[in-house]
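Subject: Structure handover

Hello,

Please look it over before reading my notes.

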Amino acid sequence: MKFLTDLTSRIPTHMDFEGQRRAERTFQFVLAIFGVAGLAWGYICQQFSQTVLILAAGFALSALLTLPPWPMYRRSQLHWQPVRPAAATGEAETGSKQQGRKQNKKDK
């Protein structure tokens with residue numbers, strides 16, 4: 001179990017938003033190409049099973065290309081805002097909620 005934890009801590013397991021878009025388009029493109037090629041080959045051979053096999057091969061190839069988080073899908077790193085202290089955010093939220101409640105009572 002420790003081996004898996006060590007392994008996953010060293011290997012990146014994320015994609016950025018741009019990479020997710022790129023992976024989705026790659027998946028659809030490869031699947032469409034193999035679908036058209038499989039349909040054409042199946043029509044020529046008059047065997048629907050050939051169409052299904054070619055489409056399955058396209059699915060396997062596109063899954064291999066897009067499911068692992070390859071480095072080409074991690075080029076645009078996200079820039080997060082700095083973390084604010086919990087006490088400051090908690091006070092600001094409760095203060096604005098209380099003011100909203102007071103205004104609602106005055107309106108009624």
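My notes on the chain and two of its residues follow.

This is a predicted model: local features need pLDDT of at least 70, side-chain atom pairs count only at pLDDT 80 or more, and totals for chains, interfaces and linings use all residues. Residues are numbered from 1 along each chain as its sequence is written, and side-chain values use heavy atoms, with hydrogens and water left out.

Overall picture. The protein chain has four helices and zero strands (DSSP runs numbered from the N terminus: helices H or I, at least four residues; strands E, at least two). The pattern along the sequence is α-α-α-α. Of the 108 residues, 11% are buried (under 20% relative accessible area; exposed is over 50%, partly exposed in between; 1.4 Å probe, protein chains only). Contacts are heavy atoms within 4.5 Å. Among contacts between residues at least 6 apart in sequence, 72% join residues at least 24 apart.

S62. This residue sits in helix α3, residues 48–66. S62 is buried, because its relative accessible area is 0%. Leaving aside residues up to four places away in sequence, S62 touches F27, V30 and L31. The S62 side chain also reaches the backbone oxygen of F59 at 3.0 Å.

Q46. This one is in the loop between α2 (17–45) and α3. Q46 counts as exposed because its relative accessible area is 58%. Its phi is near 60°, a positive value in a residue other than glycine. Most residues other than glycine have a negative phi.

Best regards

Conventions
A polar contact is a pair of N or O atoms within 3.5 Å; within protein, one must be able to donate a hydrogen and the other to accept it, and residues adjacent in sequence count only if both atoms are side-chain atoms.
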